[in-house]
Amino acid sequence: MRLFAALPIPSPARETITGVLDRLRDAHLPVRWVRDEGLHLTLKFYGEVPDERREVIEESLRIAVRDTGPIPIGLTELGAFPSRRRPRVVWVGLDAPPALELLQDRLERGGEAIGFPPEGRPFQPHVTLGRLREGHHLPAAILEREAAMIEPAASLAEEVVLYDSAPGPGGATYTQLLALPLTLSLSR
Ligand code: 2AM
């Protein structure tokens, strides 16, 4: 299985992003766009793991989300890796409030404790919208136009999910294996 932990994108940010995606899809660009159902912010990518590792990963997630309440998120910009002028991966950026950075750091360190090496690059919270097809180029003006449509769409992320990613002809399909609510416990 190919596992990663992520925040599913909540409403209303989700609708803002699907609106952008609808318009980008209509532009018939050489891009493999993601499915609306799987929109997420990756916090920790575990990669290909044997089935029997799932349990310890789930336990490290439970520990990492302990004492984390709902996290406010907002959309910042439409961007691309490596740059908007030469896009290969198109994404929407998210605000990183301290609670989000803390949670990502806990997941990173929890992963390290069970044998998953840390990313080794700064956390850049983003929701991937699409990946350019090999050997193609994207007219910069299209992204510029959509970039102007991004609004903050302040939202509250209320769960962390462990996903299994399965490749398929229409792009990867993500299955939720575990959903952990972000709720503060008062009984302490
Ligand atoms: P991305 O959005 O930047 O592509 C499922 O593949 C999720 O895991 C994606 O959100 C992807 O991030 C993330 N991910 C992080 N590191 C990855 C890697 N080395 N290979 C594939 N996906 C990775």
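Predicted model: local features only at pLDDT ≥ 70, side-chain atom pairs only at ≥ 80, totals over all residues.
Colleague: Which way does S5 run against S6, parallel or antiparallel?

Modeller: S5, residues 75–82, runs antiparallel to S6 and is joined to it by six bridges, with Leu78 having Val92 of S6 as its bridge partner.

Colleague: And how many residues does the hairpin between S5 and S6 use?

Modeller: The hairpin that leads from S5 to S6 passes through four residues.

Colleague: What about S7, how many bridges does it share with S6?

Modeller: S7, residues 126–132, pairs with S6 over five bridges in the antiparallel sense, and His126 of S7 is the bridge partner of Gly93.

Colleague: Switching to the ligand, which strands supply at least two residues of the shell around it?

Modeller: Those are S1 (2–8), S3 (40–48) and S7, and the residues surrounding the ligand include Arg2, Phe4, His40, Thr42, His126 and Thr128.

Colleague: Which polar side-chain atoms lie by an oxygen atom of the ligand?

Modeller: His40 has a polar side-chain atom 2.7 Å from a ligand oxygen, His126 likewise has one at 2.7 Å from a ligand oxygen, and for Thr128 the distance from such an atom to a ligand oxygen is 2.4 Å. Taken alone the ligand exposes 460 Å², of which the protein buries 70%.

How values were computed:
Residues numbered from 1 in each chain as written. Heavy atoms only, no water. Pairing = 2+ DSSP bridges. Near = heavy atom within 4 Å. Polar contact = N/O pair within 3.5 Å; in protein donor to acceptor, adjacent residues only side chain to side chain. Areas by Shrake-Rupley, 256 points an atom, 1.4 Å probe, with all protein chains shown as cover.
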